[in-house]
Amino acid sequence: MFRRHKTNASEHKRNPAVQGSALPVPQNDMRSFFSLSQLVLSAGHLRPPPVLRHSKITYFEVEILDAQSKKQICVVDKIPPSSTLLDVKHKFHKVCPQWYPSRIGLRLERNGSFLRDSVNIKSLAASSIITLYFTDMGQQVSWTTVFLTEYTGPLLIYLLFYLRLSSIYDAKESARSVRHPIVHLACICHCLHYLRHLLETLFVHKISEGHTPLKNLIKGCTFYWGFTSWIAYYINHPQYTPPSFGNRQVTFAALTFLICEAGSHFINVALVHQNQSGNKASFPSPSINPFTWLFTLVSCPNYTYEIGSWVSFTLMTQTLPVGVFALLMAIQMALWARKKHQLYLKRGTFSRWRKAAMIPFIL
């Protein structure tokens, strides 16, 4: 019986049809089958179909309305998120060629402030549609043109009065009078001042590529050219009288003028170097150059030196027109210096003890 049982068992093993599902499957075979099934399921298709990748870039639409009538002018579509407001202005100009990008003013609100060209369009978007209000800024000129025109005029106008043209002064009176040395010195100092401004505009300052309305150029030229004519007329007049304290007053004022002119130049160079470093939030620190030591006392030493130049020129010539011009320049630069000083305080770019904006310990 033992042999028969053994023989039957072997026959069962040889014949798989006899086993059917009644016989238990070994544990190792189950694990192998499970691993194989998991491998097949994870592998998926042998040749999967190509997946279509859709672009995730969200384009914006800019609706431009007239700031006065609120009527829609146009819709600029397909604006990438990386675009700036200047890119929108260029596309707006293609739709409406009568308005150049330089004279297009765009605002988020009708009475809000104008947006800068460097503003990223994504920062303005609350949804995929952005509404901006358009204002025609009028005829525009570049800032370089403004500065060169404002500074070239006084240089040429003063020389015309210095030559004592017969159309300005009486020819006989001009021939009889002998010019005082202060007249020649004043001409040299005045020309030196505006030559420095012109050269710094061309080679030192990094002027913004933006534009300003033509009316601002007219205002600036009227101010500078008008005062230069008034100043030059008095100083070069045949009846001009020298300062009350003579050569001492002239010498002291001339030396102060030259020091202030040198200080203005070195401060402007330091400010440009600080902007080129890329860290605009930092405040320029004094260097080995003694003209830059004024940074330790005031926030805007370039204005301090500029006012010093005109005050010393007033003492050197002792004329009322120069004094009035120096006073108006001091008021304007004090306003500019206060704004910059408050901006520096908000940024925390220098220590709190430096409280003066333009005049040490006073303003």
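Colleague: What makes residues 250–271 a helical span, and how far apart are the end C-alpha atoms?

Modeller: In this predicted model, residues 250–271 are 100% helix and 0% strand, and their end C-alpha atoms lie 31 Å apart. For residues 319–337 the values are 95% helix and 0% strand, with 27 Å between the end C-alpha atoms. Both spans come from the UniProt annotation "transmembrane region", which belongs to an unreviewed entry and also covers residues 141–163, 216–235 and 291–313.

Colleague: Why is I64 called buried?

Modeller: The relative accessible area of I64 is 0%, and buried means under 20%, so I64 is called buried. I64 belongs to strand β1, residues 60–66, and, leaving aside residues up to four places away in sequence, it touches K71, Q72, I73, C74, V76, F92, L106, L132 and F134. One of these contacts, L132, is 68 residues apart from I64 along the chain, yet the C-alpha atoms of the two are separated by 5.0 Å.

Colleague: How do you know that β1 pairs with β2 and with β4, and which way do the strands run?

Modeller: Two strands pair if there are at least two bridges between them. Five bridges join β1 to β2 (residues 72–79), and these strands run antiparallel, with E63 having V75 as its bridge partner in β2. Six bridges join β1 to β4 (residues 129–136), and here the strands run parallel, with E61 standing opposite I129 in β4. Furthermore, β1 and β2 form a hairpin with five residues between them, and K70 in the turn has a positive phi of about 65°.

Colleague: Why is C191 not counted in a disulfide?

Modeller: A disulfide needs two cysteine sulfur atoms within 2.5 Å, and the count by this rule comes to zero. For C191 the nearest cysteine sulfur, that of C187, is 4.1 Å away, so C191 is in no disulfide.

Colleague: Which residues have the most contacts inside the largest nonpolar core?

Modeller: That core has 41 residues, and F313, M316 and F325 have the most contacts inside it. Among the elements that give two or more residues to this core are α5 (143–162), α9 (246–276) and α11 (320–347). A second, separate core of 19 residues includes F60, F92, L124 and L132.

How values were computed:
Residues are numbered from 1 along each chain as its sequence is written. This is a predicted model: local features need pLDDT of at least 70, side-chain atom pairs count only at pLDDT 80 or more; totals for chains, interfaces and linings use all residues. Side-chain values use heavy atoms; hydrogens and water are left out. Helices (H or I, at least four residues) and strands (E, at least two) are DSSP runs, numbered from the N terminus. Buried means under 20% relative accessible area, exposed over 50%, partly exposed in between (1.4 Å probe, protein chains only). Contact means heavy atoms within 4.5 Å. UniProt positions are given in the numbering used here, feature names are shortened, and annotations may be inferred rather than shown by experiment. A nonpolar core is a set of buried Ala, Val, Leu, Ile, Met, Phe, Trp, Tyr and Cys residues joined through side-chain atoms within 4.5 Å.
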